[in-house]
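Me: Hi! Could you walk me through the strands and domains in this one?
Reply: Happy to, here it is.
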Amino acid sequence: MKTNHLACAFLLLAAAPLAAQEAGAEFHASNEFSFTQNEMSGPGKAASSLSKGLNYLEILNLYGNGTKGAWNYNYTVGAKATDDDRSDPKRVSLTSLQGRVTNNIHTLAVGDVFESFSQYSLATSLKGGSYRFFKEGTRLPEITGVFGWAYPRWDSVWKDPLTRSINRQAAGLRVKENFNGDLWAGLSAVSAKDTGRLASSDALYDAKNYTMDFNYIPMPGLTAAGEYSMSDSGLSASAGAAKVSAKGTAGRFELVGDADPSRVSLEYENVEPDFYSALGSATPDRRKAKARWRYKASKRVTVTSGLLWYRNNLDGANSAGTTRNWKPEISAAVKKPFASRPYSFADVSYKFDRKYGAGSSGADHYMNLNYRDRFGALDSDTNLGYTLYKTKTAVRDAKELNFNTSLNSRHEAGSVVLKPAVNLGAWYSRDELSETTDKLYEYSLGLGLEAPGAKLTADLRAGQNRLVKSAAGSDDSKKFFAALGAYWRPKLLSKLNDSTLFLRAGFNEYGFSTAARNFREKSVTAGLNASF
Amino acid sequence: MKKIFMLAAALLCFSGAADAKWWIFGKTGGEIGLKYLYVNKVSADEAGAKMTVFRETLGPDGQVKITGKASVGKSAVGSVRISLDDKATWQDVKFSENGAFEYSFRPEPDKTYAMLIEITDTAGKTNKVDETRKEIVLSAENIQAKVREALDSLFDAYSRENLPKFMAGVGEDFAGDKGILERAVKRDFDALSNINMRYTINNVAAGGQGRVFVSITYNRMVLVNKTGATSTDSGFTEFVFHSAEGKLSLYSMKQPLMFGLSDAENVATGIVQGGGAGTLVLDDSGSLGTGQLVSIACSGTNAPAYKFSTGEKACGPNFDIWFYEAVNGIGYYNTFQAKEFTGPLSDLTSSEVRNLSGYAGGGNIAPAAVGNSYCFNQGADFYCVEPASLPATGSFSVTFRVKKF
């Protein structure tokens, strides 16, 4: 482990408050450092997802703000260091870097810039800069410009070989006008251009999106919102492949009426197959309509119903065919279903999935009953579910039943609070196609401990599950697990707000019918979380 | 599409003049109240009784901004007052002729501001003040801590297969549709057990509209109930969270997906740059859609061998199938019959794999090619493999995807 990473972190922690000592400036920092020791054993240990041996994880975050004349500023810096490749392939990396300055009319931000224009246009973070003009009390529109690169992490910016990704350069401009408080509308133009293919199979896009979105409140309790976007994109699917151009549109409209006793929402969305949003969020080739009604029938009973419909292959060009989905659902939540039981609560729901087209036809039913109550000192939470999966083209024909119940209690013993818990679960699946049955049983015991005087909390949980398969030649499996988490705020660290010493330990033992697959995992993590 | 928008526009125009508000079941627009209220651009209607704001989502001036509009029916607004201490003191708020108002204050960390708004019309009638009550708290935690809390809760609920707890962390406005995600996660829980997931945060950015962008490195292991095999994968992925109801709720996910693996196409809204499409995707039958990735390395010229039912690996002709160099193909045990398909596993449908026409015995398929699929049948069982790399002289190792149909 390299201690110089830690030294850098603590130097930063020490130096930053000095910079914040000017009048009106604020500075906050938080730091978490932990060691983890993992051990795996057994012939099947290669299946474990843990890293063997001793590893560390250091997470540092700094935040500050202040005033310089008419300008206010703030900044955020975050960093992470680890020597566990499974936690991060990079030893040291920036997790956030942002600075903002404003005089309440002009706002400039650099670093991590997340200007969320609208769902289809820009809904991701950029590494770059943004400028916003907004003058309150005038009819002038709010104008936002943004430029940067859509990298998932900072290491990608300096093209670190371990985390390098395609270079996606982005630029956008948004003009938003608030007409009278009831209605605002925005126009956005966003472009994204990919370069720097890493593998010959990497797809590179050159896309532009032009979007209009609005929000309108015609009367109290009723809101209408919508968005319409056009995309003009070019795709080079792989190295040497000719660039293919496509144009598409996407639109969504939502109407929400919300006032007791009802909340009604109606949604419609249409995203053409050729619509592409490099920086927004969209599921292409989908037409969707949705209605949902939540009705408080009384102080005790709330009924929720909904219908979701969607289909694909909007242009008929998908050779696999068109798939249509109907998803109706209804549920009722009842407080005090038994008048004599003041803590009783029941929730019953039925959901149906109908999917057909493209050579397949499926109808799945989901039923669920949840009941919560308190019996003396015991809080109980019980869930019973039945699912029927039925796809006619020999894909799935199965019945599944799941049951879970938990009992929790709370006992005070002097200055210590004990919270014992028991969980029982079972899952049963009958596959009619293969004429096989799978059964899963699970139980666990838990004990929580709170000692407010000693500023200590802890939670211990242990249990076992067992999967039994009837198919000949397939492996049954079982897992024994135990987990401990303990968090202590000693007086020694009281000068640091919210400083916590923590210990987490886990043990998992996996057993299979084929003994060559068996393995065990032991993991212990100890650390300190401090902030001020 | 245009017709829909025209219809919607007509409906809205009509609604502005309508008196009977059927969609809100009897509530009229004539009551004195708030037409809308936003706290730092987050709608108070969508938030719970308590709203937590973070330093990173405040403006650079460190202030919480409250914007709203008073509604007084046919009357006129006489005054707008705000209390931040549960009615102990009141402050007048400037408002415009149409009732729009704005108020800002600089909050102290961890102090709870019990906010109420009083609207009075010129006739002296007031709104139901208690209905406007919201508790506003500036969290002393930084946004990364809050992101970790939200992710921990989602990962924990998913690992314990607790659907109500998981869905409590998903926003109503989830971009891929909350209803689709809920059913997909339910199917995930039926298909998987012993879910073991870990993550570390790569990047966090808080932005406009109360949204927070998060990039993580993940690492997970699951047991697929249908096959009894374990599968692991790791990589990068991204989330966007929405800050509302005093916590962060999930707004969107990209591929590779962490949750909703049973309907990845509809749940995900995009693919992470450099993240790939994800190796864990569940198909309609509850199996791994892209197949489980298996690597076997052998010394000398021992052919890597594999047993479908248990996932056991060996070196030398053994078990159900074994791999030679490309030209010599794939050997298989004499109780199996085999069939070759052009194209990857993800292109295969259950009905074409289970169609026995074209299957033949013989113990060997040669040559074998990377990217094609080879299916093996024994009794009612059908397994297919897609080699990603085949043994070569000097390196008798193989990587392939395997899937049960």
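Me: Let's start with β3(B): how many bridges join it to strand β9 of chain B?
Reply: There are 4 bridges between β3(B) and strand β9 (residues 134–138) of chain B, and the two run parallel. Strands here are DSSP runs of E with at least two residues, numbered from the N terminus, and two of them pair if DSSP finds at least two bridges between them. This is a predicted model, where local features need pLDDT of at least 70, side-chain atom pairs count only at pLDDT 80 or more, and totals for chains, interfaces and linings use all residues. Residues are numbered from 1 along each chain as its sequence is written, while chains are lettered from A and ligands numbered from 1 in the order in which they are written.
Me: Thanks! Which residue stands opposite B:V53?
Reply: That's B:L138, in β9(B).
Me: And which sheet are those strands in?
Reply: An open one of 5 strands in chain B, ordered β3-β9-β8-β5-β6, with mixed pairing. Its edge strands, β3 (50–53) and β6 (91–92), each pair on one side only.
Me: Switching topic, what are the domains of chain B?
Reply: The assignment gives domain 1 (28–138), domain 2 (143–267) and domain 3 (292–404); such bounds come from an automatic or database domain assignment.
Me: How far apart are the C-alpha centres of domains 2 and 3 of chain B?
Reply: Those centres lie 33 Å apart.
Me: What about the sheet with β18 of chain B, is the pairing parallel or antiparallel?
Reply: Antiparallel: 5 strands form an open sheet in the order β16-β15-β17-β18-β20. The edges are β16 (313–315) and β20 (364–365), each pairing on one side only.
Me: Over how many bridges do β18 and β20(B) pair?
Reply: Strand β18 (residues 330–332) pairs with β20(B) over 2 bridges, and B:I330 stands opposite B:I365.
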